[in-house]
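Subject: Structure handover

Hello,

Here is the structure for you to look through. My notes follow below it.

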Amino acid sequence: MLAHEFMRNALVAGSFVGVACGLVGYFVVLRAQVFAGDALGHVAFTGALAAVAAGVDLRVGLFVATIGAALALGALGNRARVDDVVIGSFFAWTLGLGVLFLSIFTTGSSAGDGTAGVHALFGSILGLGTRDVVVAAVLALLACAVLLVIARPLLFASLDPLVAAARGLPVRLLGVVFLAVLGLVAAEASQAVGALLLLGLIAAPAGAAHRLTSSPYRGLALSASLSLVSVWLGLALAYAVPTLPPSTAIVAVAAAIYLAAFVTRRRDAGATLVGRRWARQHEPSSSGA
Amino acid sequence: MPDAAVFQGLSWNPVEDLRALFVYPFMVDALAAGTIVAVLAGVVGWFMTLRRQTFAGHTLALIAFPGAAAAALAGVPAGVGYFGFCGLGALGLAGIGGTGRRQGAETAAIGTLQAFALGLGFLFVRLYHGLLTDLDSLLFGTFLGITRGQVGVLLAVAAVALALVAVAARPLLFSSLDPAAARAAGVPVRVLNAGFLLVLGLTVAETSQITGALLVFALLVTPAATAHELTSRPWLGICLSVAAALAVTWLGLALAYFSIYPVGFYVTSLSFALYVGVRVAKSLGVRRRAALAVATARS
């Protein structure tokens, strides 16, 4: 399996993407922003197709669109948490634009094949070249570094925004920076697993980690490693079963991990463990404040 | 596509253009199907937005895609796949979510379900070895292939779904606005939630046959959001939501008929423009209305 260059590239790039998704996903689930992550995935699709239709590098469109949309969502939202209805209306339109670009692209260039849209939607991890791998690694490391730097204040601001703001933390700015990192990771992941499936890699390992541990740092590490395992196992599965698309395999493994965590720790489906531990520890202070 | 010798394109005569819309039977069927879908999506979408179940609705919409792909793979009519998968998905969502406030762990479960369903759909398409244009129309919809029989099925399903909503409207409204009080008053909140998700699944299965799995959301959420911006009265809101959905669908179909670009683009753009327009007008109009109220009070 490791003898093929495309497989090695996929494994290396997938590992970086996986770790970045796991880390950012942990905060996404904690802050209940899965829907925003979903929206950014759709924006990634439109950005990629806009770039293809305009004839520029696909990656430019991806990153400009997702980071721009993330900043817009952050600017629109109250305390950088946006209403679901606003997100929904916005990305329904984004997808419509994506369809327009797709049709411009497919009708405009007779030589162009229809696979660009499929690749943007479902990813093409086995088609990555060595340069793509380097770019993916650098961007993933950048995202991870930013996240680890702001991890502590972000954790505080996510768990208890009011108290964090009262202590002088820039809660709003943290939210916007976080969304920008999420946009970066979404653009990154959409190349590996596709714009439609990246939500699986962001939500599933993080959701499992949130069910398994209430310690935030252990949770972050667990989320990143579960995501990594999903990528590796998924790629191995796709290699063993050629009809199975790699992105489907990766998401299926991640979903299986989540299901296992869901079944073994079937408690109250609503709150995350971290949130409840926080509430338990800070019950007197929050009721007194 | 219509024959170029007969089809004149858009003229400057609106009456002639309107007549041209109804020349071809496929277009009449498309308009009929669009009308049915818009009414249903307007009503159900209004409740969905009220209940803050947009994410669940979006996930159900995407589940329509593996449904259609599985049906193509198994060689059964696409409608069977749409309705089967959306029904199963609704039950799954009802199993995941309580009726309380949405929190992180629950949205993670919904997101996982959504991504898994899409992955499955991609696998089915791969197994089917279908043409890529099929994939595009599954995802982004088509109004060209709608037959008279399909319109009949759509009508029947829409009638059932609307009847269910009409029967349960009052308790549904109550439990959407104040679940705790509704539960205390003996309203079966959980059953209502599961029932509503099933109706939502039916709606999505219908709508996605026209708009495609990815664009259902434009008809479900945006007209309803516009109506919620305009009024807080339930019945008026539902009527407005239906009216907006109808206007957007008709105009979108007409525009798509006279141009080369896909219907999904027009429907999403029109509904988003309507939503943004209403919000802007509202924020501008607040001041003027206040001044007007003062003026009428004086006269």
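How many helices and how many strands does the secondary structure of chain A come to? The count is 13 helices and 0 strands. Bear in mind throughout that this is a predicted model.

**Chain A overall**

From the N terminus on, the elements of chain A run α-α-α-α-α-α-α-α-α-α-α-α-α. The chain has 289 residues, and 56% of them count as buried. I also looked at contacts between residues at least 6 apart in sequence. In chain A, 77% of these join residues at least 24 apart.

**Chain B overall**

Chain B has 12 helices and 0 strands. Its elements, from the N terminus on, run α-α-α-α-α-α-α-α-α-α-α-α. Of its 299 residues, 51% are buried. For contacts in chain B between residues at least 6 apart in sequence, 74% join residues at least 24 apart.

**A helix pair in chain A**

Two packed helices are described by the angle between their axes and the distance between the axes. Take helix α6 (residues 130-159) and helix α8 (residues 171-192) of chain A. They pack at an angle of about 155 degrees, and their axes are 10 Å apart. Angles over 145 degrees count as roughly antiparallel, so α6(A) and α8(A) are roughly antiparallel to each other. Their crossing is left-handed.

Which residues make the contact? From α6(A) come A:Ala136, A:Leu139, A:Ala140, A:Ala143, A:Val146, A:Leu147, A:Ile150, A:Pro153, A:Leu154 and A:Ala157. From α8(A) come A:Val171, A:Leu174, A:Val177, A:Phe178, A:Val181, A:Leu184, A:Val185 and A:Glu188. By class, the contact of α6(A) with α8(A) has 17 nonpolar, no polar and 1 charged residues.

**A helix pair in chain B**

Next, helix α3 (residues 54-74) and helix α4 (residues 78-96) of chain B. Their axes come within 7 Å and cross at roughly 140 degrees. Are they antiparallel or oblique to each other? The cut-off for roughly antiparallel is over 145 degrees, so α3(B) and α4(B) are oblique to each other. α3(B) passes α4(B) in a right-handed crossing.

On the α3(B) side, the contact residues include B:Ala56, B:Thr59, B:Leu60, B:Ile63, B:Pro66 and B:Gly67. On the α4(B) side, they include B:Ala78, B:Gly81, B:Tyr82, B:Gly84, B:Phe85, B:Gly89 and B:Leu93. The residues of this contact divide into 16 nonpolar, 5 polar and no charged.

**Two backbone points to check**

A:Ala32 is not a glycine, yet has a positive phi of about 55 degrees. A:Ala32 sits in the loop between α1 (5-30) and α2 (34-54) of chain A. Is A:Ala32 buried or exposed? A:Ala32 has 21 C-beta neighbours inside 10 Å, so A:Ala32 counts as buried.

B:Arg52 is not a glycine either, and has a positive phi of about 60 degrees. The place of B:Arg52 is the loop between α2 (25-50) and α3 of chain B. With 14 other C-beta atoms within 10 Å, B:Arg52 is partly exposed.

Best wishes

Methods. Residues are numbered from 1 along each chain as its sequence is written. Chains are lettered from A and ligands numbered from 1 in the order in which they are written. This is a predicted model: local features need pLDDT of at least 70, side-chain atom pairs count only at pLDDT 80 or more; totals for chains, interfaces and linings use all residues. Axes are lines fitted to C-alpha atoms, for helices over the stretch in contact, and angles run from 0 to 180 degrees between N-to-C directions. Helices (H or I, at least four residues) and strands (E, at least two) are DSSP runs, numbered from the N terminus. Angles under 35 degrees count as roughly parallel, over 145 as roughly antiparallel, 65 to 115 as roughly perpendicular and the rest as oblique. A crossing is left-handed if the near helix is turned anticlockwise from the far one by less than a right angle, and right-handed if clockwise. Two residues are in contact if their C-beta atoms, placed from the backbone, lie within 7 Å. Ala, Val, Leu, Ile, Met, Phe, Trp, Tyr, Cys and Pro count as nonpolar, Asp, Glu, Lys and Arg as charged, and the others, Gly among them, as polar. A residue is buried if 20 or more other C-beta atoms lie within 10 Å of its own, exposed if 12 or fewer, and partly exposed in between; C-beta atoms are placed from the backbone.
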